[in-house]
Amino acid sequence: MVPGLPLPPEVQLAQRLAGNEQVMRDRALRKLRKYIMTRSQRATGAFNTEEMLKIWKGLFYCLWMQDKPLLQEELGRTIAQLVHAFQNTEAQHLFLRAFWQTMIREWTGIDLLRLDKFYLLMRLVLRESLMTVRTRRWEERKIEQLLELLTTEVLHPDSQAPNGVKSHFLEIFLEELTKVGAAELTADQNLQFIDPFCQIAAHTKDSLVLHKIIRCILEAIVEQAPLAIEDLMNEVDTQSEEGEESDGGEESDGGEESDGGEESSEDEQDLQDTPPKRLHAGSVYRAEPKEYVWDDEENTGPVLQFDYEAIANRLFTLASRQSTPSQNRKRLYRLIQKFRVLAGGTFPDDDVPEKAYKKLLEGRRERKKRKNRLSTLQPQNEQEGSEAEASTSDMSPGMKRSRREDEKTGQREPPGKRKKPGARAKGAGVQQPARKRKQPLQSEK
């Protein structure tokens with residue numbers, strides 16, 4: 001870069017976003033939002049890939065410098081909502097593509113203490129990217145473009161995405177899709193959302209990706225089937241009740257006033273005749289009990305609706321191809337059976353889940369390996385034991401006695417320091433023989 005020339009605005013904003021002071025970072029984030037809105041409105045001079053990568057590098061280190069979980073969540077939500085500042089779909093997709101490329105590039109440098117906030121950032125960005133499709137009323141073309149972007153950048157073999165990014169993306173995809181579109185999406189649209197994952201599961205050679213797609217997407221749909229059917233029945237009941245109320249209101253507008261007194265008297269008589277319910281010890285009776293609010297884990301909310309027969313047919317079409325690996329075909333055929341059972345109106349009952357089956361299989365393999373290892377070591381131990389018995393039989397009685405005493409005391413001397421049979425022990429009161437002095441030569445005298 002030529003000295004003296006001003007830096008591009010993207011570089012200046014990235015430097016301020018990665019600053020040490022939080023006030024400077026917040027101010028730079030507000031300026032970045034305004035800059036994105038003004039520049040994306042122009043007919044010419046849109047963002048390119050290099051500029052967007054520079055902006056995302058500054059945003060990455062802006063979250064890197066942020067402490068405290070609540071502030072990290074707020075900052076992550078603010079960063080993810082920048083996608084709505086772009087005025088066209090192409091700029092939004094360029095922003096999302098640069099995000100996933102930045103996460104893949106910087107993932108290996110994230111330490112364990114900062115890992116959670118970047119997991120949260122991935123979740124929030126995925127949620128806002130689904131919100132962009134929701135604002136356009138779930139157009140089929142927009143759904144295809146978003147799914148192509150996500151699968152190309154994260155799950156494609158040429159993307160070189162780390163296993164952590166792949167696994168977390170597959171774990172959160174169905175959850176975020178449920179939060180954003182469970183109340184609006186139809187069964188055909190949901191099938192369109194999971195179709196790219198079915199295609200990847202049919203031809204991938206990555207065991208991690210295959211396992212995560214089956215466990216976190218396809219088997220999760222099977223597990224949520226009772227809740228989905230319950231939501232569908234509740235919706236049908238509410239629609240029928242609304243229809244009956246509207247029909248009854250039109251027919252009996254005039255007869256309600258005359259019959260009101262008789263109905264009220266009958267209701268009072270029923271209340272007097274019904275005995276009061278017994279309360280448990282320690283409970284307090286309330287005249288108007290409030291509705292109990294469940295916890296977040298139990299309050300599931302709306303669930304995605306699926307056509308299980310259509311999923312089974314689609315999986316069978318993909319798994320029956322000759323190019324599908326045998327391992328992928330076996331696992332997909334098991335899921336096809338489950339979806340067909342669901343389509344028939346019954347729930348599949350698996351006595352042994354997949355994780356438990358995998359653990360049992362691994363334990364069985366380990367026991368088999370241990371048994372083979374013991375069978376190979378047993379002849380060697382028998383041979384060594386026979387050699388030891390032969391050596392002990394060749395020993396004299398005195399050597400056996402001394403060896404037995406050494407084994408009892410546990411103080412056996414090393415082989416290099418054993419006493420020779422004819423050597424005399426040095427000790428107090430033992431007179432050593434005098435050493436002969438070397439006679440000097442006559443030449444030395």
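## Salt bridges and a kinked helix

Let's start with a pair of charged side chains: E176 and K179 form a salt bridge, and their closest N and O atoms are 3.5 Å apart. Both sit in helix 8, and because they are 3 residues apart there, about one helical turn separates them. E176 is buried, with a relative accessible area of 0%, while K179 counts as exposed at 53%.

Before going further, a word of caution: what you are looking at is a predicted model.

### The whole chain

Now zoom out. The chain has 16 helices and 0 strands. Of its 445 residues, 32% are buried. What about contacts between residues with a separation of 6 or more? Residues 24 or more positions apart make up 71% of those.

### Bridges across the sequence

The salt bridge count for this model comes to 19. Here are three of them, with the distance between the N and O atoms:

| Salt bridge | N to O distance |
|---|---|
| E176 and K179 | 3.5 Å |
| R123 and E175 | 3.1 Å |
| D206 and K166 | 3.4 Å |

Take R123 and E175, which form a salt bridge with closest N and O atoms 3.1 Å apart. This pair links distant parts of the chain: R123 belongs to helix 6 (residues 115-135) and E175 to helix 8 (residues 163-181), 52 residues apart. E175 counts as partly exposed, at 39% relative accessibility.

Next up is the salt bridge between the side chains of D206 and K166, at 3.4 Å from N to O. D206 lies in the loop between helix 9 (187-203) and helix 10, whereas K166 is in helix 8, so the bridge ties together parts that are 40 residues apart in sequence. D206 is partly exposed, with a relative accessible area of 25%. K166 counts as buried at 11%.

### Helix 10

D206 turns up again at helix 10. Which end of helix 10 does D206 cap? The N-terminal end: one of the side-chain oxygens of D206 lies 3.1 Å from the backbone nitrogen of L208.

Helix 10 itself covers residues 207-223 and has a kink of about 30°, centred on I214. How many of the 17 residues in helix 10 are buried? The number is 13, so the helix is largely enclosed by the rest of the structure.

### What about cysteines?

Finally, the disulfide count is 0.

Technical notes: Residues are numbered from 1 along each chain as its sequence is written. This is a predicted model: local features need pLDDT of at least 70, side-chain atom pairs count only at pLDDT 80 or more; totals for chains, interfaces and linings use all residues. Side-chain values use heavy atoms; hydrogens and water are left out. Helices (H or I, at least four residues) and strands (E, at least two) are DSSP runs, numbered from the N terminus. Buried means under 20% relative accessible area, exposed over 50%, partly exposed in between (1.4 Å probe, protein chains only). Contact means heavy atoms within 4.5 Å. The bend at a residue is the angle between axes fitted to the seven residues ending there and the seven starting there. A polar contact is a pair of N or O atoms within 3.5 Å; within protein, one must be able to donate a hydrogen and the other to accept it, and residues adjacent in sequence count only if both atoms are side-chain atoms. A salt bridge is a side-chain nitrogen of Lys or Arg within 4 Å of a carboxyl oxygen of Asp or Glu. A disulfide is a pair of cysteine sulfur atoms within 2.5 Å.
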